Amino acid sequence: MSHISASEPRLDQEEAAKWLRLKVVNRRIVARDIVAFDLEDPAGEPLPVFAAGAHVDVRAGDGLIRQYSLCNDPRERHRYRLGILLDPQSRGGSAAIHAGFAEGELVDIGMPRNLFPIRDKARPALLFGGGIGITPILAMAHELEAAGASFALHYCVRDASRAAFLDEIGAGALAPHCKVHFDDGAAEQRLDVAALLAGADRRTDLYVCGPAGFIDHVRSEARRVGWPDDQIHSESFDAAVDLSGGSFELIAERSGRRFIVPPGKSPAQVLLDAGIDVPVSCEQGICGTCLCDVLEGTPDHRDLIQSDEEKASNKQIALCCSRSLTPVLRIDL
């Protein structure tokens, strides 16, 4: 079960401080295979502030922790809203939540973290959401609208049955800024990134979230027409993990142990198999939970969390998906 019962072990004080125990006050189907959950404090207390683009860890049951974007208006303090797709390739997280998070349940939610913020609300913005990637983008639209910013939102879905939150996107203050594109619709209404950018202010920041293929398409089209990389911001909801490459030696400095990381296995897997505690969650390099300081060596960065500048500094490595460019990699663990 995904809810917390009295018989389950209590979190220690330090660990508990990182989590909120919230009540599912509303559960509704918003599109095919997508359910929205409204979560509130059981005592009615205001929730910690978050900014658009933030996500939370969710305890999905049986030790599973998954990350989901907050998709409601950040001005709201009484609730967090999650939109969760029942992924056919689910590793257990979304399936457990869809099956177990009923109205009235108490669930554990991590404190909001933001790796995908709006960089500058004074600059024009183009928002692109693909499928379930609409969730952080929708929160961004609310934040930009509240700031009186110049922005447009383009939401791309396979067909109308898969379009979530249309009542919110197509009505009220957001409606003049939003357009929905259907893959199975007429050619003239499909997304044309190059055409949109042709008439855009060159100061415009692009924000894109969704499947990797969707993000790659938007990024490649933007680059093709000369859009600077530092004005293209993205967050992926799926990431293929490539663990190919030669073996390397991994030294866990504080643990005083050395390991060989073979092809096809991540540093995190090797460490966990040896009984060393490594915080992992998404196991795809998209959440940042397993970032670890690098003391020696050059990581082969394969995560989607760190910026190009952060990767170039080689200060941290995502242990769930990255490898090493040097024969030895020493980490602070």
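The model is predicted: local features need pLDDT of at least 70, side-chain atom pairs count only at pLDDT 80 or more, and totals for chains, interfaces and linings use all residues. Residues are numbered from 1 along each chain as its sequence is written, and side-chain values use heavy atoms, leaving out hydrogens and water.

**Exercise 1.** Find which residues touch the most other members of the largest nonpolar core.

Solution. 
- A nonpolar core is a set of buried Ala, Val, Leu, Ile, Met, Phe, Trp, Tyr and Cys residues joined through side-chain atoms within 4.5 Å.
- Buried means under 20% relative accessible area, exposed over 50%, and partly exposed in between (1.4 Å probe, protein chains only).
- The largest core has 31 residues, and L127 and I137 touch the most other members.
- Elements giving two or more residues include β8 (125-130) and α3 (134-146).
- α3 gives the most, with 7 residues.
- Helices (H or I, at least four residues) and strands (E, at least two) are DSSP runs, numbered from the N terminus.

**Exercise 2.** Decide whether R79, paired with E76 in a salt bridge, is buried or exposed.

Solution. 
- The closest N and O atoms of E76 and R79 are 2.7 Å apart.
- R79 has 15% relative accessibility, so R79 counts as buried.

How values were computed. A salt bridge is a side-chain nitrogen of Lys or Arg within 4 Å of a carboxyl oxygen of Asp or Glu.
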